[in-house]
Amino acid sequence: MRFQAPRRLPVLETESGCRLFSTNAASRLVLPPHPGREIQVDQWLEWEAAQLQPLVASIANLTTKLDTSVQNNAVKKLMLLDAALEGKRFIDGSDMLAHATADLGHYMLLISIGTKDIWDTRRAGQEKDGISVADIAVWCTLYSVVTEPKLRQSWLADAANILSWFTSLQGLEHFQSLALLPESTGVAYQRTDGSVTRCQQSAVSAVKVKAGVAAHKQFLAATWLPSNTADGEKDHPKLTTLTSVTGLAKEVPVTEAELEAAREAWQHGAARRPTPKPRTHPVYVYTSITCHSHIMDLPRAGERNILVTSALPYVNNVPHLGNIIGCVLSADVFARFSRLSNNNTLFICGTDEYGTATETKALEEGLSPQEICDKYFKIHDAIYKWFNISFDYFGRTTTPEQTRICQDLFLRLHERDFTLTESMEQLLCENCKRYLADRFVEGTCPKCGYEDARGDQCDGCGHLINATELVNPRCKVCGQRPVIRHSDQFFLNLPKIEPVLQTWVESVCNGWSNNARVITRSWLKDGLKPRCITRDLKWGIPVPLEGYTDKVFYVWFDAPIGYLSITACYTDQWRLWWQPAQQSPVSLYQFMAKDNVPFHSVMFPSCLLGAGQGHTLLEHLMATEYLNYEDGKFSKSRGVGVFGTDARDTGIPSDVWRFYLLYVRPESQDSNFSWVDLATKNNSELLNNLGNFVNRALMFAEKNFDGVVPEMSPDDSDMRLLVLVSREVKGYIDALQRARLRDGIRHILSISRHGNQYMQGTQPWVLLKGSGSDRVAKLGTVIGICCNLSCLLAILLSPYMPASAKTMQEQLGAPDDVFLISGEVTRLLPPGHKLGKPSPLFSKIEPALIDKLKLEFSGRQKSASPNKASVSSGTEVVAKLEEAVAQQGELVRKLKSRGVAKSEWQPHVATLLELKKQLAAAQAVNKTTNGPGASTDVKIGDVATLESEVAKQGELVRKLKSSGVPKSEWQPQVTILLHLKQKLTTAQASKK
């Protein structure tokens, strides 16, 4: 694919001639947001294109009966928009009407004319805040829904804010009257042939938009769309392939001011680079419940003090790739970037260890809760070390510090009258003989009817619920229906804190990801209710009040306090981070998946605000959407997808895993892990793009300049390259400052792509053959610049791929003090600098390996299928298989009775059927060998084959047990293993 040159509206033409045209990108180019509103507008434009457009596209084949799943999805997405419009006239929060008089006409003209790129006719006063291109884009897309009675009733029944906003915009001149644009507006668009078209008529009038579904179909069939416009075909020039720096410059014009700034930075910028602050490296990760205090980095006056946390991973299982990218890996990239920006940075995390989930896991494995925590803490620790996560301290919540700080905070809230005591209904499983924590109750959501809602939150509609509100509740452990019992519990008085919380949220939420803002505002819109913070459980922090010591704090109250207690384990002066002095303020960045947002944006801040002790409150909440696995979902319970321990065993370096997870990071919508895509991105972006550029530059320097950076005398063509690289560096810094980590990695790859194009355009291999002094000087300049760009790439890459960046540093011989991010492109490696030994940075991932890994990690429900093998005779074997069939049958019955989706119980049915086949075969053989006239000389099978089958089945059993699944799921596989071993023993005996 090639982009149109010279630059005009974003039209992308493929090699086949197909043209792709994004009206949002075009509108954003023609109607740029006003300063300070770019982030909000861009996020809503992305939401409209990625979430709303596909949703509205589903109405094209609307029938008399609406699809329930589509409707539920529509309501869920539209409620996010409705919450964002609460109390607002416009989507991005502005409440001033300024340039609404012409924007709709401009937008519709934009998508109706096709090729144009000049519009500079904003009227006086239109530069104030007001309607934005995000309002226009969303309004146009929702037009079909709002004007279709059936959809309006089903999709927007509870969306009063959306309807009010829509009606308000519709009342504006160009939405309502479809008036003609006066000649004086001077709306002019330059076509690609240079001619100018002036349009007086409102585009809405010209299109004669219909209502409802007919409008959507009309848009799809419109002949004026760019891909179908004959006029556009005539005007559209053939695209030229960019094969030189000159061609690249035409694509993105470079100004004289940019050239002058690039020259100045190249010549003098190195002297302005500050010296990196020394970093105190992580202490160690402790493996007991004892903490140790150390003299560590503390907040400093006059510096940016950045505190980074990621949601504490729960200790009861092995984290999968979705957990890793959603929390610790994203936080790690930002923390590394913050250190490279010379900020005083502390990055802490740890395992969340209290709660019923831990108790249940301990029962399954025959260990105490503390032993299960110790076991899985080591697993988490090893995984994060392998992924090269740069925690300053990785701790845990089962510590004396956690108990002390949690109890102190509770007592402070209690003294300040922010707690209540109420008698509440709790669910008791009489079969398990224990009170059930909310997450161990499942049932039907009372709000949306989703059948697998948890006792604390519904994944179907996102609402928080109480376990006793579930319809047809069931114990997640045994599947039995629990009974209700009454017990006095403590509640956090959220309604009393709500006014202060509301003010605080509105003051900081512009620094949050869009989904975090929407989720939080949705909570506040509904009004906060008292929230229970204690439970009648055993494993947890006891309530420090007489008469309540047999109760423990509920995990949602206890877990976020772990950020404080883990910091206290890092340094005994932890309050300087969490209750900082006025002269050394701290900025808190927190990373998590979106399901954790309410606990960090509402619950935990409410506790800290209620305490009134000047605690550090989050400024930047970065929540991801979900990462899916091969178009399905990761599942800890079913073992679907790649888990942290699996990644180590693939032979693929951890840096490649980091790169790919960050490349597909689900920042604004769900994304998908794909084995094929992993190989493609590795081979194309890392191997052929970035690695190829660095290796070519260093190899050229080694062979032709004795491994020394040559003298450089860049001319204007070289400076144009540095301008383009400078733009990418500025984009990289902007993206990472806003934690848009996926965008940051694309800027890195763009720099190496510019470098490859630069080498192709300047052709140093041709310059090498010349004899003139000018050619030799130019050759040195090209290679010197490429070596410096390689050093720049190592710096920018280090937050994403630290091991690869370290290798690049060694090959470049780059000193540590250049590893600092600056907005300027300077000489990092001066002439005469001695380079190291170059070698390839990345390896190709072969298709055969991907096929193997894709099969191996396709989910336990597939890998756990019994090996197909003939069954030996023997009454004992039959008995064991009968037992296995009974156990597997009971598991299937439990799953079905719980109402789980077919996709979850079907694999277990397949296992049951396979076991039944083996049982039938064993019974037949047993009848033949033990019945009347049976021969005692039975052919058992090949010993080598059986040995291989035993090894494979043994490995499967080990994997299942190490993954921590319930005994009911791995026991049938153990039975098969014993059966195979008996066959092997018999076969070996018959050979003797």
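## Sheets and aromatic contacts in a predicted model

In strand E14, Ile-484 is the bridge partner of Leu-427.

**The antiparallel sheet**

Strand E9 (residues 419-429) and strand E14 (residues 483-492) are joined by 10 bridges and pair in the antiparallel sense. Another of the residue pairs between them is Gln-426 with Arg-485, the latter in E14. Strands of a sheet pair through backbone hydrogen bonds, either parallel or antiparallel.

E9 and E14 sit within an open sheet of four strands, ordered E10-E9-E14-E15, with antiparallel pairing. Its edge strands, each pairing on one side only, are strand E10 (434-435) and strand E15 (531-532). Two bridges connect E9 with E10, again in the antiparallel sense. Here Leu-428 stands opposite Tyr-435 in E10. The hairpin of E9 and E10 has four residues between the strands, and Lys-433 in this hairpin takes a positive phi near 60°.

**The parallel sheet**

An open sheet of five strands, with parallel pairing, has the order E8-E7-E6-E18-E19. Strand E8 (393-396) and strand E19 (618-624) are the edge strands, and each pairs on one side only. From one strand to the next, the twist averages 20°.

Gly-350 stands opposite Gly-395 in E8.

How is the path from E18 to E19 arranged? Together with helix H24 (residues 597-611), E18 and E19 make a right-handed β-α-β unit. E19 is mostly covered, with six of its seven residues buried.

Another helix, H22 (residues 562-570), lies across strand E6 (305-310), E7, E8 and strand E18 (586-593). The direction of H22 is at about 115° to E7.

**Aromatic rings**

The structure holds 29 aromatic pairs. One of them is formed by Tyr-354 and Trp-539, and this pair is tilted, with 5.2 Å centre to centre and 55° between the planes. The pair links distant parts of the chain, 185 residues apart. Tyr-354 is in the loop between E7 and helix H16 (356-365), while Trp-539 is in the loop between strand E16 (534-535) and strand E17 (552-553).

Are these two residues buried or exposed? The cut-off for buried is under 20% relative accessible area. Tyr-354 counts as buried because its relative accessibility is 9%. Trp-539 counts as buried too, because its relative accessibility is 16%.

Some aromatic residues also group together: Phe-334, Phe-337, Tyr-589, Phe-591, Tyr-732 and Tyr-800 form one aromatic cluster.

**Charges over rings**

Two arginines are placed over aromatic rings, as listed below.

| Arginine | Ring | Distance from ring centre |
|---|---|---|
| Arg-396 | Phe-377 | 4.6 Å |
| Arg-746 | Tyr-663 | 4.2 Å |

For Arg-396, the charged end sits over the ring of Phe-377. Arg-746 lies over the face of Tyr-663.

Key. Residues numbered from 1 in each chain as written. Predicted model: local features only at pLDDT ≥ 70, side-chain atom pairs only at ≥ 80, totals over all residues. Heavy atoms only, no water. Pairing = 2+ DSSP bridges. Axes fitted to C-alpha atoms, helices over the stretch in contact; angles between N-to-C directions. Contact = heavy atoms within 4.5 Å. Phe/Tyr/Trp six-rings, centres within 6.5 Å; stacked < 30°, edge-to-face > 60°. Buried < 20%, exposed > 50% of the residue type's maximum accessible area, 1.4 Å probe, protein only. Lys NZ or Arg CZ within 6 Å of the ring centre and 35° of its normal. Right-handed = clockwise from strand over helix to strand, strands pointing away.
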